[in-house]
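Keep the viewer open and follow the stops in order. Each stop gives a selection and then says what is there.

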Amino acid sequence: MSTSELNKTKKELVGWIQSLTDDSILGLLSSVKLSSEGKSSDWWEGLTESDRVNILGGIRDYQQGETMKSGEFWNGLTNG
């Protein structure tokens with residue numbers, strides 16, 4: 001990418017970031033920035049207690065074989 005293309009992309013990204021209102025996207029971008037600076041924080045610490053419980057429950061379900069194939073899931077949604 002040439003210098004002029006790079007500068008154009010940077011300006012477009014800055015404008016886009018300034019227009020963002022979605023906290024989750026801003027949080028993701030902040031994480032990318034910290035990671036690129038070697039200051040990455042532990043993503044687990046940023047989760048709510050409810051998110052942690054849900055993730056751990058999903059891991060437990062997987063470990064106990066309580067899962068379904070994607071097709072089964074989508075068929076269940078389609079067919080009620």
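Select Ile17 to begin. Ile17 counts as partly exposed because its relative accessibility is 38%, where buried means under 20% relative accessible area, exposed over 50%, and partly exposed in between (1.4 Å probe, protein chains only). The residue is found in helix α1. Helices (H or I, at least four residues) and strands (E, at least two) are DSSP runs, numbered from the N terminus.

A note on the basis of these values: this is a predicted model, in which local features need pLDDT of at least 70 and side-chain atom pairs count only at pLDDT 80 or more, while totals for chains, interfaces and linings use all residues. Residues are numbered from 1 along each chain as its sequence is written, and side-chain values use heavy atoms, with hydrogens and water left out.

Accessible areas come from the Shrake-Rupley method with a 1.4 Å probe, and for residues only the protein chains shown count as cover. Which helix supplies the largest share of the nonpolar patch? Helix α1 (residues 3-19) does, with 3 residues.

Lys8 forms a salt bridge with Glu12, and their closest N and O atoms are 3.9 Å apart. A salt bridge here is a side-chain nitrogen of Lys or Arg within 4 Å of a carboxyl oxygen of Asp or Glu. Side chains of opposite charge can pair when their charged atoms come close. Both residues lie in helix α1, 4 residues apart, about one turn of the helix. Is Lys8 buried or exposed? Lys8 counts as exposed because its relative accessibility is 53%, whereas Glu12 is partly exposed at 46%.

By this rule, the count comes to 3 salt bridges. For another of them, select Lys33 and Glu37. Their closest N and O atoms are 2.9 Å apart. Lys33 is partly exposed, with a relative accessible area of 47%, and Glu37 is partly exposed as well, at 37%.

Next select Arg60 and Asp61. Their side chains meet in a salt bridge at 3.4 Å, N to O. Arg60 has a relative accessible area of 44%, so Arg60 is partly exposed; Asp61 counts as partly exposed at 24%.

From Asp61, draw a distance to Ser35. The two C-alpha atoms are separated by 31 Å, and the residues are 26 apart along the chain. Ser35 lies in helix α2 (residues 23-36) and counts as partly exposed, at 43% relative accessibility.

Now select Glu49, which lies in helix α3 (residues 49-63). Glu49 counts as exposed because its relative accessibility is 55%.

Finally, select the whole chain. How many helices and strands does the chain have? There are 4 helices and 0 strands, in the order α-α-α-α from the N terminus on. The C-alpha trace spans about 55 × 35 × 25 Å along its principal axes. The radius of gyration of the chain is 20 Å, while a compact globule of 80 residues would have one near 12 Å; the value is taken over C-alpha atoms, and the globule rule is 2.2 Å times the number of residues to the power 0.38. Of the 80 residues, 4% count as buried. The chain exposes about 7100 Å², and carbon and sulfur atoms supply 56% of that area.
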